[in-house]
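The structure is shown below for reference.

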Amino acid sequence: MKDLLLVFPPQWSPFQPPLGPPSLSAWLKREGFSVSCMDANILFFEWLLSDECAWHLIDRTGRLPLTWSQRDGYEAVLRRSADFRRDIFALREIKGSMREVSAEEVVKKHYIATKALEVYLEVVSKISGEFAVYPYDFRIDGGNLDIAALEAMLNDPPEILSEYASRIIDGHILPRDPKVIGLSCMGQEQLYFVLLFGRMLKERSNRPIIVGGTFLNRIYEQGSLSQEWFGKYFDIIVKNEGEIPCQGILTNLREGAPLTKEVPGIIFTEYGKVVSAPEARPLNPAEIPFPDFDDMPIERYLSASTTLPVLASRGCYWGKCEFCRHGMVYGEKSYKTYEIDNVYHTVKHLSQKYGVTQFSFRDEALPPSIIRQLGEVFPPHSETGWTFSGDIRFEKTITADDYTNLYRIGFRNLQVGLESGSERVLKLMNKGDDSFRTLAMVRNLTAATDAGIWIHCFLFFGFPGETDEDAEMTYEFVLNNADIIGNFGCGTFVLEHNSPIYRHLDEFGVRITDRPAGRMNVFYEHEVAEGNSVGKSLEWMDRLVSASNKIPKFHAVSWIPREQYICILSKMGPKRLVEEGQSIRDFRNLPRNASLSEVASLLPHPSEEGTVIMINRTSHRIQNLKGNASELMLLFHENGFGLKEMHEHCPSCTEWL
Ligand code: SF4
């Protein structure tokens, strides 16, 4: 019997394993406890793609008010779930043989898998009607933070979610018979599943349930954590880093003491009241063992090569951006770096133990001192085969040599918060204390690009006080620097409870418009006294996204999920990646080197004899083909014709796709 089973619930990215449970389990094992981990998130994606789930959904289409053509279209997709599975799992099949696969093939497989996953999840969401699931998101109707909507869906879960949760609980969690169950809740996407698992576990057993991962702590801080949730969905919340609190809880369990006795860093109930214990001390990197991925299904992530997460620092060394609470998992204002030898030995250990060569630094932002040391201490990529991705912050102190060194040791892509192209807004955001921050941005982007490193930038419109003139600067900055910006993700400002700006909203002329009583107000609707409204900022976002799609380089790569860059760029340089992406865009958004059967499914129409339904699995375009058209496509499909070859014989066939 294990002391603790750590469960990582949906919804989270299916492309890489999480770092939290493997790190916590390593710590607790070293302290003498028996612990195992389970990634229920990857099992969720596998469930959604399974035939059983497809049959549940087909059954549901018969009960929905759909038009005939909608029903035929959705059912056609679901009846071909095996084709979608094959597209998506094809990435796993090239694991270990990436060296032998051509660059063109790597891009093709990533493109088909990514688009097929999007299309399939869209159909799942449409039929479910009560939630929407994406590779990066999960939203319930009524909002993930609306208490009434959440509780209604917990009391009566959608059939496929209830079936999935039962399988996880009865098939995976309870048979392991853990004394305590830990659930991670890192963001609002996981909240519904944490509560659903919690409720179902409570119905079936009296094991204590601990929830970590900061999101419930954020709800508690905001003041909307219901006391009734204790005992109903969980028993204890771990506020920040889980190592010391969980060690304390398991020690109490072993000694037969009340679980919460003298445990720091937790929230629990005592005499009918919610109590928050004093903070646990922040961890010192030198005392943290190597993460233990033994229980993580590292071959099953939806990726062509497994990427393991690592850390070189805990917290953000800058930590002053007005909108940001990213580093709160380590406790407010806590920041520590790892010794570079420790980082090197962690990577070496994980590489040898799990046969993995790709690593993603999950630091909030790699500090310049670590960047320099990594470049100086790590062996070259030519010796190790290691490749890396990571997040940085634009700094004047990061030199061209630093980027060259990062490339030499295997860094292939970096992510950075560009945020805005306006000096004035960057100052308002407190992004840095340099006077010409955009100059530092261009210098960093240029040096990284020259070194061969792809940079993905995050930015947003609508920081309080931003005007049209400022937004235009961001717009121009991105479009004018397309040669040095790899790609970018764009959003609008989100006002988070307890973010630095939240503590002095008056200075920014921000007014919170609504604090609805039945909602966990971790994020607020707001309006600004000066500058662009939320609506105007959304317009700027749409404007930039649509303008960037007219820039061939951005359009060529806009389909690539962030986590997949490291896999693709480990195989080819940025120039080749853009060329391959461009080739897909130029060929009606289809990979020329694919066969017809790799992108399309053909099946007989259920009620129209002689008609064939053709589904383009990369675009969700569905066509009913009759007569010569159906005969031709069946011929190409059954005989394994490549799209290029098919196009040469019959250009209009490509247009039907
Ligand atoms: S936005 Fe980035 S640099 Fe700024 S405080 Fe957050 S993690 Fe640090």
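The model discussed here is predicted.

Across the whole structure, a search identifies 4 cavities of 30 Å³ or more. The volume of the largest cavity is about 140 Å³. Its lining includes Leu19 and Ser23, the run from Ile288 through Pro289 and Phe290 to Pro291, and also Val310, Leu311 and Arg314. Tyr338, Asn342 and Thr346 also line the largest cavity. In terms of class, 8 nonpolar, 3 polar and 1 charged residues form this lining.

Two helix pairs, both involving H8, are set out in the table.

| Helix pair | Axis separation | Angle |
|---|---|---|
| H2 (residues 40-48) and H8 (residues 159-173) | within 11 Å | roughly 130° |
| H8 and H9 (residues 188-204) | 10 Å | about 55° |

The axes of H2 and H8 cross at roughly 130°, which makes H2 oblique to H8. This crossing of H2 and H8 is right-handed. With an angle of about 55° between them, H8 and H9 are therefore also oblique to each other. H8 likewise passes H9 in a right-handed crossing.

Terms used. Residues are numbered from 1 along each chain as its sequence is written. This is a predicted model: local features need pLDDT of at least 70, side-chain atom pairs count only at pLDDT 80 or more; totals for chains, interfaces and linings use all residues. Side-chain values use heavy atoms; hydrogens and water are left out. On a 1 Å grid over the protein atoms alone, a cavity is a set of points where a 1.4 Å probe fits but cannot get out, and a pocket is an open set with protein on both sides within 12 Å along at least five of seven lines; lining residues have an atom within 4 Å of a point. Grid points are joined across faces, edges and corners, and a volume is the space filled by probe spheres set on the points. Ala, Val, Leu, Ile, Met, Phe, Trp, Tyr, Cys and Pro count as nonpolar, Asp, Glu, Lys and Arg as charged, and the others, Gly among them, as polar. Axes are lines fitted to C-alpha atoms, for helices over the stretch in contact, and angles run from 0 to 180 degrees between N-to-C directions. Helices (H or I, at least four residues) and strands (E, at least two) are DSSP runs, numbered from the N terminus. Angles under 35 degrees count as roughly parallel, over 145 as roughly antiparallel, 65 to 115 as roughly perpendicular and the rest as oblique. A crossing is left-handed if the near helix is turned anticlockwise from the far one by less than a right angle, and right-handed if clockwise.
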